[in-house]
Amino acid sequence: MDAEPYLKGKFPEGFAWCTATSAYQVEGGWKKGGKGLSVWDTFTHSPGKIKNGDTGDIACDSYNKWKDDVDMLINMGVTHYRFSISWPRILPSGKKGHLNQAGVEYYNNLIDALIEASIIPVATLYHWDHPQALEDLGGWLNKDMADYFNDYARICFREFGDRVKWWITINEPGILIRFGYIYGTFPPGFKSNPGTHPYTVGKVMLMAHAKAWHTYDDEFRRRQKGSISMCLHSMWAEPEDPRSVLDQEAARRHLEFDLGWFAHPIYGGGGYPKEMERQIERKSKEQGLKKSRLPRLTEEEVLYIKGTSDFFALNHYTTRLVKHKSTPSNQPHFELDKDEETSVDEDWLSPNEAGSWIKEVPTGLRRLLCYIKREYGNPEVFITENGTADPGNVLDDTGRIRYIRSYLDQVLKAIKWDGCKVIGYTAWSLMDNFEWSEGYTEHFGLHSVDFDDPERKRTAKASALFYAGIIRKNGFPEIDFDL
């Protein structure tokens with residue numbers, strides 16, 4: 001994609017400058033304060049699941065060092081902080097009968113400290129760490145999970161909603177489904193039914209989100225006056241051959257499976273994207289099935305889900321080239337349903353040695369924002385994750401600085417030139433942490449964490465200082481750097 005000169009200018013007044021973490025990745029304290037087991041506790045303690053046998057038992061020790069986390073946020077000058085609440089820390093059994101008051105107190109302390117520091121809390125209810133007790137009942141393959149989640153959400157609204165005005169129900173359902181139910185590298189580690197389980201879980205998660213949104217809307221919104229959304233991940237998809245109609249259609253299809261799977265039922269016309277429905281129905285028939293592997297949404301369910309969002313929460317990291325590739329239908333599989341092949345351009349930059357799946361294609365974010373504007377009626381978009389990784393304790397992280405600068409430049413252009421309603425940006429992550437199946441081998445943090453130090457010493461990287469400068473100026477009123 002063609003490089004453009006940086007745009008000099010400021011972001012809109014009141015723009016949200018945010019950074020983020022998630023509970024299992026930073027908290028530790030896996031058996032402390034009455035917390036129940038999460039699926040990640042169980043999964044990481046199973047040999048061979050995580051690189052180097054790493055676990056989140058201690059992680060960044062934010063369960064004990066949350067005051068240090070708040071100090072880092074204050075020093076950067078962020079206006080918002082996105083964190084997640086650990087479901088088993090609130091409800092050890094996953095069910096509403098046993099509220100863990102120590103868990104409630106932990107999040108009350110964090111939230112109160114943020115408010116005192118004039119930092120707006122953005123709370124994610126579910127960042128992949130549901131109670132093991134509910135997984136034992138079938139987890140997200142059990143339709144009752146939507147009700148369990150709603151009960152948990154109601155408790156969080158009741159306990160924290162007087163101070164938390166920004167809520168995210170579920171983080172990146174599509175990513176969890178891919179790695180938890182297709183490749184088996186996230187809990188619950190399933191990969192035996194990659195043509196059915198993903199779609200079953202997808203529907204249950206849509207219903208869980210919708211139930212929580214309606215509960216907030218019916219019972220809490222009038223008094224608490226907050227906003228609530230589901231957080232969706234999407235790469236940008238560029239046709240490998242822009243002149244090929246088949247590749248253009250494949251790129252569009254990729255976006256419908258990646259983003260539209262959840263965005264269309266919530267922000268679009270209701271129900272699944274039509275091309276996604278047609279693809280899976282055709283493949284299912286070719287496999288001799290009497291009905292589509294994509295579970296039907298009834299008219300009542302379509303209406304119940306449609307419109308259940310107050311803003312568009314978007315996680316974005318990189319771009320892929322997509323070409324059409326007809327795949328055999330003899331094997332039911334989510335990936336084969338898409339009839340595509342993805343790749344990267346060899347000329348795209350890699351910001352760092354780690355995170356090799358991330359290529360620096362900032363124009364992809366702008367094109368994705370314009371796509372959302374066209375497809376979903378130009379909603380207010382809060383970019384809730386964007387970032388890149390380095391391989392170790394790199395303090396002079398110029399690759400990350402260039403990445404953040406380049407992507408924010410495209411966000412500013414999307415706002416000023418394209419009319420996209422972007423209301424906030426989140427740099428992932430506040431600090432190096434447990435990076436899921438990669439353990440501690442990938443570091444996404446603006447701050448380094450010494451995992452060999454029992455005190456888990458935090459040190460600001462150059463990117464933290466750079467990001468603080470952008471926040472202080474609310475953008476780029478002058479161009480005074482060269483990366």
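How much space lies in the largest pocket? In this predicted model, the largest pocket holds about 790 Å³ of space. The chain also forms a closed barrel of eight strands with parallel pairing. The points below take the barrel, the helices packed on it and the pocket in turn.

**Barrel**
- The strand order around the closed barrel is β2-β3-β4-β5-β6-β8-β11-β12.
- From one strand to the next, the twist averages 25 degrees.
- Three bridges join strand β2 (residues 16-20) to strand β3 (residues 80-84), and this pairing is parallel.
- Within this pair, Ala20 lies opposite Arg82 of β3.

**Helices packed on the sheet**
- Helix α15 (residues 398-416) packs on the sheet, where it touches β2, β11 (381-385) and β12 (422-428).
- The direction of α15 makes about 170 degrees with that of β12.
- Helix α16 (residues 462-473) also packs on the sheet, in contact with β2 and β12.
- The direction of α16 makes about 155 degrees with that of β2.

**Largest pocket**
- The lining of the largest pocket comprises 30 residues.
- Ile175, Phe179, His233, Met235 and Trp357 are the lining residues that lie nearest the centre of the pocket.
- At least two lining residues come from each of α8 (173-181), α11 (245-267) and β10 (340-343).
- Helix α8 gives the most to this lining, with three residues.
- By residue class, the lining of the largest pocket divides into 11 nonpolar, eight polar and 11 charged residues.

Conventions: Residues numbered from 1 in each chain as written. Predicted model: local features only at pLDDT ≥ 70, side-chain atom pairs only at ≥ 80, totals over all residues. Heavy atoms only, no water. Pairing = 2+ DSSP bridges. Helix = DSSP H or I, 4+ residues; strand = E, 2+ residues; numbered from the N terminus. Axes fitted to C-alpha atoms, helices over the stretch in contact; angles between N-to-C directions. Contact = heavy atoms within 4.5 Å. 1 Å grid on protein atoms, 1.4 Å probe; cavity = no way out; pocket = protein on both sides within 12 Å on 5 of 7 lines; lining within 4 Å. Points joined across faces, edges and corners; volume = space filled by probe spheres on them. Nonpolar A, V, L, I, M, F, W, Y, C, P; charged D, E, K, R; others polar.
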